[in-house]
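Please look through the structure shown here alongside this briefing, which takes up its sheets, its helix contacts and the confidence of the prediction in turn.

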Amino acid sequence: MSDIIEKNDSPEPTEASKVAAFGGPAAEAAAVEVPAYMPRRTIGQLLRGELGFVPVLVTLLIIVAYFQIVTGGIFLSPENLSNLVGQIAYFGILGLGVIMVLLLGEIDLSLASVAVLCSIIMAALSERAGVPAWLAILVALLAGAVIGFINGFFVAVLRVPSFIVTLAGSIGYAGLLLHLLNGQATLIINNPFILAIAGSAQSFLPNVPGVVLPALAVLLYAAGLVVSYVRRRRAGLRTSSLLWLVARIVIAAALVMGAVAVFYSYQGVPYSTALFFGLIALFWLILTKTPFGRHIYAVGGNAEAARRAGINVVAIRIAAFTLCSTLAAVGGIVLASRGNAVASAVDSTLLLNAIAAAVIGGVSLFGGRGSAWAIVLGVLIIGSIINGLALLNQTVDVSEMVEGVVLLVAVTADALVRRAQARTGR
Amino acid sequence: MAENVTPAVGEMSSPLPEQPPGGEPRLRLRGISKSFGAVRALSKVDFEVYAGEVVGLVGDNGAGKSTLIKVISGVGPADEGEIFVEGQKVNIPNPQAATRLGIETVYQDLALCDNLDVVANLFLGREEVSFLQSLDEVDMEKRGLHVLQGLEVKIPSVRSVVATLSGGQRQSVAVAKSILRQAKVVLLDEPTAALGVAQTRQVLHLIRRLREQGLAVVVISHNLADVFEVVDRVIVLRLGRRVGTFDIKTTTPEQIVAAITGAEFGALMATNGAANDTSGGR
């Protein structure tokens with residue numbers, strides 16, 4: 001009996017693997033990695049795994065196609081697309097922040113209040129106290145970081161559920177910002193530096209950096225892929241096919257330069273868009289290429305295993321909340337600049353749009369799963385719905401109902417994936 | 001660096017050590033006692049495991065197996081008693097101390113992050129970095145492959161997410177992780193529980209490879225069939241005392257069951273010369 005089992009599951013060393021035992025790493029890869037052991041997966045399983053973004057992408061394409069047809073071609077015009085990316089940048093940045101805590105399986109409901117509070121701190125310093133714009137922005141970012149640290153402290157050290165901590169924060173900071181505004185309903189921003197971020201005719205990258213920066217980003221990405229390919233080849237490790245490597249570079253270049261071309265056929269690349277994508281790229285690098293990022297995924301996946309592996313789980317949680325609230329501050333500053341003013345009322349859709357964008361993009365609410373790039377698909381879907389319905393002269397009521405349905409579908413899909421993985425996982 | 005972690009592949013398949021092996025034990029416990037309130041969980045227990053040896057630690061529920069493992073792994077230090085690693089008296093007040101001493105415990109479910117791939121799990125908490133603190137994936141993958149091959153582990157790909165692996169493969173990855181941490185003593189807590197027949201076979205093979213690599217291995221198991229297949233010596237605990245040590249070659253499962261349950265213990269002692277009792281006489 002045992003012979004049969006051995007053959008099925010742990011084969012006796014074959015000639016090849018005996019030779020491999022004395023060979024280099026190339027032979028080791030061959031001896032350890034048996035691709036035939038990979039269970040054959042159905043299309044459904046692939047869609048729940050690495051191809052999980054495809055349904056989201058298809059949804060986006062359907063939404064875009066629909067609005068393109070019913071608006072008679074206005075939706076995809078360069079002018080409207082520039083307008084659209086201007087509308088999504090600020091809550092996209094908030095959504096990027098919420099990804100950091102979602103990856104831990106936590107939530108931050110204080111995002112919107114923190115964003116508005118920090119923008120008010122900036123506006124009050126610059127407009128009332130005459131502090132230089134850069135210093136006002138720095139203080140606002142620091143305030144965001146401190147708030148995030150406090151949130152993280154309560155969640156990680158005192159073990160209070162993040163839902164409650166940040167709900168309390170959301171209420172408390174909304175009160176604090178009213179206090180800071182001192183009864184004033186809106187505070188107009190006149191500082192040209194702050195307005196230039198997203199709220200003036202000059203809020204576009206100059207021509208040369210507008211083309212060179214995206215091109216440089218694509219080049220760096222391509223170089224990174226090629227270097228990693230060559231290093232893996234030299235080390236005798238398995239590599240993806242050369243064709244796939246080239247395809248990835250071509251797709252990235254086409255997407256980025258295509259977008260730049262669209263922007264330039266209107267007014268150029270907006271600062272806020274450049275900032276949004278720059279932050280995504282930065283956080284993608286942090287999450288995937290550094291030990292810190294890996295530890296975030298580890299804590300989100302299995303906090304106990306991470307603790308036993310010697311990871312400081314408390315520090316990781318505090319850091320994630322701090323980054324989240326700092327990004328909220330960035331989003332708040334962009335929002336204030338775009339509106340040329342800060343208001344005492346916190347827009348209730350701001351928080352929900354940010355969280356919805358992250359979840360629709362494929363970041364799991366249960367932790368450990370999702371990429372920084374997920375936010376792009378999420379904000380594009382939500383932004384397209386808002387923008388398209390506005391073009392059709394539909395009011396907020398319709399747009400919010402549609403958004404609600406899309407969000408529910410996304411969260412349901414996430415829950416189903418998680419259940420399916422738990423079933424097949426062991 | 002990888003060469004320090006695992007012995008060269010060619011040196012394997014040394015003959016089994018003599019039973020019991022001579023020389024200084026890799027890990028030795030003397031007079032370990034531990035109480036939880038009025039309950040005496042361990043009472044003057046001695047324990048030893050030698051390099052290149054697999055010791056099975058068996059006993060009924062409540063016999064003190066888990067308590068003893070917690071003492072060794074630093075999770076629950078003993079009230080009294082001494083611990084020696086390679087002849088040196090040591091203290092193990094916490095899990096970090098155990099890791100520093102080269103004592104690694106492989107728990108069944110708590111060891112791995114399902115959402116990370118095999119390499120990420122192997123190096124979790126001690127990632128290798130190159131310039132700008134970026135992860136050195138190529139080097140980690142090379143070292144990971146080296147260790148996995150030393151254990152003759154077969155997986156679809158070291159870039160598979162752990163959630164997609166079978167129970168046996170997961171156990172193998174967890175063990176490989178402890179070897180990458182330069183383990184000298186590996187404690188396996190119920191390594192074959194909840195595994196299928198084929199996967200159990202895989203894990204037993206893995207345990208033999210650990211022995212061949214010169215590690216001291218302790219297997220806690222309820223499954224006597226598995227124990228008989230892979231261990232060299234069996235240490236039986238009953239009600240917090242070590243009631244017997246059996247050389248697996250000269251023992252039958254019935255004798256061990258008798259020792260575990262305490263049935264006709266005295267009669268067995270009289271007839272079984274191989275059992276060298278250490279504390280039953282008290």
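In this predicted model, chain B contains an open sheet of six strands, which follow one another in the order β6-β7-β8-β3-β9-β10 and show mixed pairing. At the edges of this sheet stand β6 (103-106) and β10 (241-247) of chain B, each of which pairs on one side only. From one strand to the next, the twist averages 20 degrees.

**The four-stranded sheet of chain B**

- Chain B also has an open sheet of four strands in the order β2-β1-β4-β5, and here the pairing is antiparallel.
- The edge strands of this sheet are β2 (39-49) and β5 (88-90) of chain B, each pairing on one side only.
- If direction is ignored, neighbouring strands of this sheet are turned against each other by 30 degrees on average.
- Strand β1 (residues 27-36) of chain B is joined to β2(B) in the antiparallel sense over seven bridges, and K34(B) stands opposite L42(B) in β2(B).
- Helix α2 (residues 65-73) of chain B packs on the sheet, where it touches β1 and β2 of chain B, and its direction makes about 60 degrees with that of β2(B).

**Helices α6 and α13 of chain A**

- Helix α6 (residues 78-102) of chain A packs with helix α13 (residues 271-289) of chain A at an angle of about 30 degrees, and their axes are 9 Å apart.
- Angles under 35 degrees count as roughly parallel, and α6(A) and α13(A) are therefore roughly parallel to each other, while their crossing is left-handed.
- On the side of α6(A), the contact is made by V85(A), G86(A), A89(A), G92(A), I93(A) and L96(A), and the residues of α13(A) that take part include L275(A), F276(A), L279(A) and F283(A).
- Sorted by class, the contact of α6(A) with α13(A) has nine nonpolar and four polar residues, but no charged residues.

**Helices α17 and α18 of chain A**

- Helix α17 (residues 348-360) of chain A and helix α18 (residues 374-391) of chain A pack at an angle of about 120 degrees, with 7 Å between their axes.
- At this angle α17(A) and α18(A) are therefore oblique to each other, and α17(A) passes α18(A) in a right-handed crossing.
- Among the residues that meet here are N353(A), A356(A) and I360(A) in α17(A), together with A374(A), G378(A) and I382(A) in α18(A).
- By class, nine nonpolar and two polar residues make up the contact of α17(A) with α18(A), and no charged residues belong to it.

**Confidence of the prediction**

- The model as a whole scores ipTM 0.81 and pTM 0.82.
- Chain A has a mean pLDDT of 85, with 87% of its residues reaching 70 or more, although over residues 1-23 of chain A the pLDDT is below 50.
- Chain B has a mean pLDDT of 80, with 84% of its residues reaching 70 or more.
- In chain B the pLDDT stays under 50 over residues 1-19, and it also stays under 50 over residues 270-282 of chain B.

Conventions
Residues numbered from 1 in each chain as written. Chains lettered and ligands numbered in written order. Predicted model: local features only at pLDDT ≥ 70, side-chain atom pairs only at ≥ 80, totals over all residues. Pairing = 2+ DSSP bridges. Helix = DSSP H or I, 4+ residues; strand = E, 2+ residues; numbered from the N terminus. Axes fitted to C-alpha atoms, helices over the stretch in contact; angles between N-to-C directions. pLDDT = per-residue confidence, 0-100. Contact = placed C-beta atoms within 7 Å. Parallel < 35°, antiparallel > 145°, perpendicular 65-115°, else oblique. Left-handed = near helix turned anticlockwise from the far one by under 90°. Nonpolar A, V, L, I, M, F, W, Y, C, P; charged D, E, K, R; others polar.
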